[in-house]
Amino acid sequence: MSSTLIRPELVRLGAAPASKAQAIREAGQLLAAAGHIDPAYVDSLLARENVANTYLGHGVAIPHGMIEHRHLIHSTAIAVLQVPGGIEWNPGQTVHLVFAIAAQSDEHLALLRRLTRLLQDEAALGRLFDTPHPADLLAALEQQAPAAAPAEQVADFAHGFDWVMDYPNGLHARPAQQWVETARRFAANVRVRKGEESGDGKNLIALLQLGIAHNETLHVSAEGPDAEALLAALKAVMSGLTAAEQEQADKAAKQQQAQARRALWQPAGKPLALDGIAASPGLTIGQLRVLKPSVLEVPDHPVLLGTGGDQLDAALAATRQELQDLAAATGKRMGATEAGIFRAQAELLNDTDLITLTCQLMVEGHGVAWAWHQAVSRLAERLAALGNPLLAARAADLRDVGLRVLDKLAPELGARRKPLDEGDNLIIAAADLTPSDTAALDPQRIIGLCTAQGGPSSHTAIIARTLGMPALVALGASLLDLPDGATAIVDGDSGRLYLNADEADLASARQWITRQQEAARNSAAAALAPATTQDGKRIEVAANANHPDQAAAAMKAGAEGVGLMRTEFLYLERDSAPSEDEQYQTYRGMLDALEGKPLIIRTLDIGGDKQVPYLNLPHEENPFLGVRGVRLLLRRPDLLEPQLRAIYRAASHGPLSIMFPMITSLEEVKALRAVCERIRQELAAPEVPLGIMVEVPAAVAMADQLAEHVDFFSIGTNDLTQYVLAIDRQHPELAREADALHPAVLRMIRQTVEGASRHNRWVGVCGGIAGDPLGAAILAGLGVQELSMSQRDIASVKAMLRRCSSGHLARLAADALRCPDVGAVRALAARLESVREEVEA
Ligand code: PEP
Ligand code: MG
């Protein structure tokens, strides 16, 4: 290990911190005092504890800051705090050595590797817990090949391959876990060797001990009946993770750059400042409302088992319904992601462990409310203790949903927090907020959120961002000691909460807010302007929207119409198909919301990834290659005809087009046109443009012929990519490789545009790649005229297209077509970045 990482001034022996937080602070201060970090990074070390478990085992903890705060690190270093008396890290876990890590890249992996070795030698480790000599610690950590745990020098197995570590951050626990999981599926033995040292590929600690850093070469070998299969699977997983690892590292770097670029409000005076993690951006000034946590005592009133069971059933059913209604209302108010939070919560009510445990407690003679509350608390604690932030977030959801049920079982307890009924301009300060609490907040009166706990990826943070409410999380327990009613400034960009600001600072914060609001108005106005290139070529930008309120919101966000209405959503999550009349009302509602802007209605696309139980469709071995999209509609006039009738009835109320999904052949087009024309005549309805989705390679190959018979093409790149690359779009391992910017897919898009142009037909794209700025630029360069995307991507895509000339776009597309692989296409993003910088300069 490099001796520059730990130096004598970074070691403090004989410390006796009063708490874990103080231990972290003391270790962090060693780093700050030696100039390795900005003092603000100490808060980042503390913040990480709220989202991850840094206890390594055997009395050792490795606190390390949040990735997004890496810019606060001046140079990589590690400080050691020795606590001979021990300090409780988590319940039941006592720590004697605290290694506070400030790592700019992967240099600290070497230390982790030494530490994991030391953990295996408890006697040597134990001596370090109370040694009075810093030199002992330094020596133990600097040894390259300790006598206590000699490097395993064993021969490779017969079969194997070499691999160069291309994860920017080297091998850390998350990818290592996936390697191990893959290897364990096979009987063969596997060994991973780096230089002279090797470890068992099925053992996480052994792999981490190798301390594999970026660009190091490994040899992976295996022996046993299925050795070849193991090696093939492991290699695929190792390489398959590269893109995600690189993407994560890029994202962190970009966040750092964006954060460094973003100007932050700075108080001139000396207000009291509390550091947390920025969870939702923006600056706001309001009155602090501190919600003290209340301890919920649930009395144990046993009832007859049958009665208790019935009560539980009824409470669960009522809560399920409540969550469904809440999901529907949230979907309308905020969007599908936020609605999904409550749908997922409803799913928790079906958890077998939860119901079983409740019933066991009732059988033991406890009351139903008490048993339910116990079961929820125990399971939530179990999830939270695993130290995985995703599971911890799941625990918060479980507690949230648990309180809803408890409220039904024992309403007199008032288990759920009541919405605040008085005061305006409030900034809520709470230990934590449940997603339900957050969704119920009235954004007219509540203008900021601060929580002592929580992480930036919690559901609460997601909801705050959607509501556009500045929010801070992980501010620490002292948040709840702040005076209720005080004037506070929440800075959702820097992650700080300010109190006691003087008049001058309040005035400067107000000015800052006014400027932010102006900037937001300007960018909203820019989103409404068309996407016209520097030389005057216009690209239509439409939205993918399924409900009238989504369409209305999309128009406000700058959409010039709806380029894809996925009508299958009218059929999902219900017990029977929507009637012709119900559909007609929805299509009319869409047209009304669009106020004269065009609407493309895609007929039902069921099958593949979208299943509708009440249609009783036969089981398919390969649903993506089976009866889906128009293949189903042509077999089921009972589905096709009411839908077409509803669409033609709506057609007199606004400009709409009909689009058919999963077209493979000209026969299908002709058959569908004939049905459309018959129904149109029956209803004496106006003619409407009829288009098709191009999402099957056969349709691409026949594009020039299909174009003669349709009015437009819209390329469904999500499906086209899966069919061109032969990768199931939902495949757990492969889906991330199904990137629509693959040159093979781009060549198909070029062929489609060429085919369409033979008959002067326009071509749009409504798959996900249309909303990716690089994707949109390449598509426009290939001659695609309309891009339909989710509402949130509209502003950035329009802004990017406006910065380019059509020459830029055409050259970009031509270069993308010549790329050998998708990585090379993605690398062209740098070119867009330089266009941006040129224009901004
Ligand atoms: C597509 O396949 O690109 C598309 C837009 O349709 P869906 O995602 O609904 O299959
Ligand atoms: Mg599709």
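**Exercise 1. Determine where Met-662 is placed in this predicted model, and whether Met-662 counts as buried or exposed.**

Solution. Step 1: Met-662 is found in the loop between strand E22 (656–660) and helix H21 (666–683). Step 2: the backbone of Met-662 has a positive phi of about 60°, although the residue is not a glycine. Step 3: buried means under 20% relative accessible area. Met-662 has 1% relative accessibility and therefore counts as buried.

**Exercise 2. Carry out the analysis for Asn-760: is Asn-760 buried or exposed?**

Solution. Step 1: Asn-760 belongs to the loop between helix H25 (743–757) and strand E25 (762–765). Step 2: phi of Asn-760 is positive, near 55°, in a residue other than glycine. Step 3: exposed means over 50% relative accessible area. With 72% relative accessibility, Asn-760 therefore counts as exposed.

**Exercise 3. Describe how helix H26 (residues 773–781) and helix H27 (residues 794–803) pack.**

Solution. Step 1: the axes are 9 Å apart and the packing angle is about 50°. Step 2: H26 and H27 are therefore oblique to each other. Step 3: the crossing of H26 past H27 is right-handed. Step 4: H26 contributes Pro-773, Ala-776, Ala-777 and Ala-780 to the contact, and H27 contributes Ser-796, Val-797, Met-800 and Leu-801. Step 5: seven of these contact residues are nonpolar, one is polar and none is charged.

Conventions
Residues are numbered from 1 along each chain as its sequence is written. Chains are lettered from A and ligands numbered from 1 in the order in which they are written. This is a predicted model: local features need pLDDT of at least 70, side-chain atom pairs count only at pLDDT 80 or more; totals for chains, interfaces and linings use all residues. Side-chain values use heavy atoms; hydrogens and water are left out. Axes are lines fitted to C-alpha atoms, for helices over the stretch in contact, and angles run from 0 to 180 degrees between N-to-C directions. Helices (H or I, at least four residues) and strands (E, at least two) are DSSP runs, numbered from the N terminus. Angles under 35 degrees count as roughly parallel, over 145 as roughly antiparallel, 65 to 115 as roughly perpendicular and the rest as oblique. A crossing is left-handed if the near helix is turned anticlockwise from the far one by less than a right angle, and right-handed if clockwise. Contact means heavy atoms within 4.5 Å. Ala, Val, Leu, Ile, Met, Phe, Trp, Tyr, Cys and Pro count as nonpolar, Asp, Glu, Lys and Arg as charged, and the others, Gly among them, as polar. Buried means under 20% relative accessible area, exposed over 50%, partly exposed in between (1.4 Å probe, protein chains only).
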